[in-house]
Each structure stands twice: as structure tokens, then as C-alpha cells.
Amino acid sequence: MAVRGRDARGRRPRLPRRAAGLVLAALLTASACSAPADADTSLTVREIDATLERRAAAVLARDPAGYLDALAPDAAKLRAAQRTELANLADVPLKSWSYEVKGITEEDGDWATAEVELRYRIDGYDTAPVAARRTLELMRDGERWYVSADRPAKGASDQLWHQGEVEVVRGAHSLVLGVGRPEEELRQIADTVDLAVPAVSDAWPQPWARRVVVHVPDSVESMAGLLGSPETSYRGIAAVTTGEAGTTGERPALADRVIVNPQAYASLGSFGQRVVLTHETTHVATRTSTSTATPVWLSEGFADWAAYRGEDRTPDLIAPELTGAVRAGDVPAGLPDDKDFGFDGDPAELARAYESAWMACELIAERWGKEKLTAFYAAVGAHPGRDGAVEQALGSVLDTTPEEFTADWRDYLSTRLG
């Protein structure tokens with residue numbers, strides 16, 4: 001068999017077949033003459049599903065031969081790359097691994113391109129799967145389809161094991177997966193997350209898994225590759241959390257991953273590292289109560305409030321950029337917009353946005369109490385949409401209005417930071 005290509009006239013080459021394959025092909029062709037087009041596509045999806053089910057079973061069984069059996073035999077580079085990827089996964093404790101064909105985008109006889117969703121769970125940590133979109137090219141020989149190319153779907157990114165061998169370090173509440181990083185570094189991150197989890201549970205008493213999976217790639221460039229964004233967006237960012245906000249009521253939110261920028265994280269002292277990982281762990285804990293109705297100032301401000309509440313630091317030390325602005329007479333007119341939290345803007349403005357959000361949550365916790373703050377957060381996230389979400393929660397939970405709250409927050413900034 002040959003890998004996917006075209007001849008000089010732009011046609012895909014036909015595959016040589018075994019006699020049994022010829023008989024089956026003739027039967028399928030005869031059926032296709034009278035069947036509607038969607039019946040052909042449905043048959044192709046079922047046949048590709050069978051190939052991917054065998055592939056998934058081989059991943060869980062740690063069976064290289066079975067995994068490679070789903071690949072086109074003549075695709076030497078692909079087979080070598082996939083053998084390496086499977087080896088890179090060797091120590092990752094997988095609970096499940098499955099594929100779902102989302103659609104056939106191109107089909108031409110014995111060739112097809114499929115959009116596929118890979119879903120996997122890590123044993124003991126994920127209550128719902130991580131989803132990764134892949135584009136697969138496939139070729140059929142006889143009764144079977146074989147994968148001839150495998151790449152991230154448009155707008156998607158690779159996974160950690162595509163970047164190298166994954167080393168696994170377990171903590172009491174954490175699982176740290178690293179590529180190209182010293183084991184001692186991964187252990188230190190696991191220990192810090194283990195401290196963060198009980199602190200976050202005290203700040204956010206609602207049920208959550210109380211387990212965190214952390215990815216540590218070998219560089220900021222690799223971090224950006226996992227996130228599908230330019231590396232310039234993350235050079236000064238120590239860590240981010242990925243995941244799907246909220247829940248539809250039919251299924252839980254997909255699993256979160258905390259992704260560490262090893263260079264920026266290493267530049268922090270123990271205090272900064274502890275704050276960063278507690279902040280990101282808070283995002284994991286609050287994920288199912290965070291939705292499109294939740295403004296960024298609330299999700300980021302609450303995460304900072306949870307991270308700083310146990311630390312012995314004064315507000316001016318926690319919010320130096322905002323303190324400078326307030327003392328210069330430049331008190332913000334209102335809470336920051338979502339766009340103010342973009343990583344590609346002015347670092348000082350980004351810092352003021354985070355600090356302003358933190359002070360808003362600090363105000364709620366101080367004036368109304370921790371329970372009211374968490375109830376406010378949950379109420380906003382439960383609203384069906386962004387419009388009216390904060391306004392309604394301010395009224396129902398805090399018995400105030402947006403105008404009154406903004407005025408109180410501005411006064412609070414002047415009192416605490418002036």
C-alpha cells in the first residue's frame with residue numbers, strides 16, 4: 001500500500017488489493033449505486049470507528065504492535081512518530097482513551113479525511129475527559145481503514161506527549177506531568193499544589209475533586225504550543241489553567257489542566273510560586289460554577305483572593321501598580337473589562353486589572369463575608385447569560401446595585417491603598 005498522494009494529473013493513486021478485498025469492494029460499489037450519499041458516509045464512519053476502537057484499546061493495553069496495526073504499513077515516518085508518542089505515554093496513568101468521528105470532510109474512494117475528537121481521562125484525577133480535536137487522513141485496503149496522517153485539527157493544538165517523554169510525579173492531591181524538566185522541579189511543584197488544595201477548599205467550600213493535574217513543558221515555546229497561541233503571549237506568565245467553563249446539566253465540565261511556564265515560574269520566590277499555583281488551583285475548583293456569564297474580573301479576582309487570603313502581605317505590596325495609580329489620584333472609574341486581562345497588552349495595565357479585581361473580591365469578603373462572596377460567585381455563574389448576571393447577583397446576594405457597588409469599591413481603593 002502507498003501513503004496518501006496524487007499522480008501527475010492530480011488524481012489519487014488506487015491501491016492494490018487482495019482478492020477478498022476486490023469482492024467486498026464490488027459489493028460495496030453495487031450497494032452505493034442505489035443508496036443515498038449519506039448511507040455511504042455512515043458506512044465509512046462505522047468502518048473508521050472500528051479502526052479507531054482498535055487503536056484506543058491498544059493505547060490502554062500498552063500494546064505497540066496493536067497501536068501500529070491501525071497505521072498505513074508504508075507510512076514509515078508516521079509509524080516511527082506514533083511509536084515514539086505511545087512510548088512517551090508509558091508512565092501516564094490512563095483511565096480511558098477513546099475516539100469519536102465528528103465528521104468526514106473529504107472522501108474519494110479509498111481515501112478519507114475525518115475530523116475526530118480524542119477523549120482521555122487520567123486515573124484517579126479526572127472525573128470527566130480531556131477533549132482534543134484531531135484531523136486524521138485514512139486509506140482503505142480491503143475491509144479495513146488505516147491511518148495515514150494524524151495532526152491537530154484547525155485551531156487545536158498537540159498534547160504534552162507529542163513534545164517528548166512524559167515523566168510523572170505524584171503528590172497527595174496532585175499529579176505533575178513534565179517533559180524535559182528535572183524530577184526535583186516536578187516534585188517541588190507537586191508539593192506546592194498539595195499545599196494549595198486545602199487552602200482553596202477552605203476558600204471554596206463547594207464540592208470539587210480536590211485533585212489537580214499540572215503540565216510542565218520544557219520551555220515557554222512548548223507551553224505556547226500546548227495552548228495554540230504565540231509564545232510572546234506567555235513569556236511573563238507563570239502558569240495558566242485550561243478547561244471548559246461551566247456545565248450544560250447533561251455532563252460535567254471537561255477536565256482542567258494547569259500548565260506551567262517553567263522559565264517564568266522559576267523566576268519567582270517561594271511566595272510567588274505558592275500564590276500562582278493556589279490561584280490556578282482555584283480556577284480548577286470553581287470551574288463548574290464559572291460560565292460565560294462570569295466576567296473575568298470576578299473569576300480572576302476570586303482566584304487572587306483565595307491565593308492571598310492566607311498570606312501576611314499588606315494590600316500595597318499585593319497591588320503595587322494599582323497603589324501607585326490611586327496615590328497619584330488615578331482611581332479607576334469602574335471594574336475592569338474582559339479585554340483588560342489580555343496577555344498581549346501593557347503589563348502594567350494587566351497588573352492593575354488583576355489588582356482591581358482582587359480588591360473587589362476583597363471588599364465583598366470583608367464587608368459581606370466569605371460565604372456571601374462564594375454565594376455571589378455561584379449566583380453569577382448560574383445566570384443564563386452575561387447580560388444581567390452581575391446586576392442580579394449583586395441585588396439578590398449582596399442587596400446592592402452596580403452603581404452602589406462601584407462607588408463602594410472606589411472608596412475602598414482610596415481607603416486601603418491611598
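Which residues does Val101 touch, not counting residues up to four places away in sequence? Leaving those neighbours out, Val101 touches Val45, Ile48, Asp49, Leu52, Ala114, Glu115 and Val116, where contact means heavy atoms within 4.5 Å. Val101 sits in strand S1, residues 94-108. With a relative accessible area of 12%, Val101 is buried (buried means under 20% relative accessible area, exposed over 50%, partly exposed in between, with a 1.4 Å probe and protein chains only).

Before going on, a word on what you're looking at. This is a predicted model, so local features need pLDDT of at least 70 and side-chain atom pairs count only at pLDDT 80 or more, while totals for chains, interfaces and linings use all residues. Residues are numbered from 1 along each chain as its sequence is written, and side-chain values use heavy atoms, with hydrogens and water left out.

Now the overall picture. The protein has 15 helices and nine strands; helices (H or I, at least four residues) and strands (E, at least two) are DSSP runs, numbered from the N terminus. Of the 418 residues in the protein, 50% are buried. Take the contacts with a separation of 6 or more, and 64% of them are between residues 24 or more positions apart. The accessible surface comes to about 19100 Å², and carbon and sulfur atoms own 50% of that (areas come from the Shrake-Rupley method with a 1.4 Å probe, and for residues only the protein chains shown count as cover).

In soluble globular proteins, nonpolar side chains tend to be buried together. Here, the largest nonpolar core has 66 residues, and the members that touch the most others are Ile189, Val214, Trp297, Trp305 and Phe376. A nonpolar core, by the way, is a set of buried Ala, Val, Leu, Ile, Met, Phe, Trp, Tyr and Cys residues joined through side-chain atoms within 4.5 Å. Helix H12 (residues 347-367) gives the most to this core, with eleven residues. There's also a second, separate core of 53 residues, and Leu52, Ala56, Ala72 and Leu177 are among its members.

Leaving aside neighbours within four places in sequence, Trp297 is in contact with Phe302, Leu335, Pro336, Phe341, Ala357, Ala360, Phe376, Val390 and Phe405.

Next, see how H12 packs against other helices. The axes of H12 and helix H13 (residues 370-382) come within 6 Å and cross at roughly 130°; axes are lines fitted to C-alpha atoms, for helices over the stretch in contact, and angles run from 0 to 180 degrees between N-to-C directions. H12 and H13 are therefore oblique to each other (under 35 degrees counts as roughly parallel, over 145 as roughly antiparallel, 65 to 115 as roughly perpendicular and the rest as oblique). On the H12 side you'll find Cys361, Ile364 and Ala365, which meet Lys370, Leu373 and Phe376 of H13. That contact divides into five nonpolar residues, no polar and one charged, counting Ala, Val, Leu, Ile, Met, Phe, Trp, Tyr, Cys and Pro as nonpolar, Asp, Glu, Lys and Arg as charged, and the others, Gly among them, as polar.

Helix H11 (320-327) is another partner: H11 and H12 pack at an angle of about 90°, with their axes 7 Å apart. That makes H11 roughly perpendicular to H12. H11 brings Pro320, Glu321, Leu322 and Ala325 to the contact, and H12 brings Ala348, Ala351, Arg352, Glu355, Ser356 and Met359. This time the residues divide into six nonpolar, one polar and three charged.

Asp338 lies in the loop between H11 and H12, and at 32% relative accessibility it counts as partly exposed. Setting aside neighbours within four places in sequence, Asp338 is in contact with Pro295, Val296 and Arg386. Val296 itself belongs to helix H9, residues 296-308, and is partly exposed at 23%.

Finally, two arginines have backbone angles to check. Arg62, in the loop between helix H2 (37-60) and helix H3 (64-68), has a positive phi of about 55° although it is not a glycine. Arg210, in the loop between helix H5 (183-203) and strand S7 (212-216), has a positive phi near 60°.
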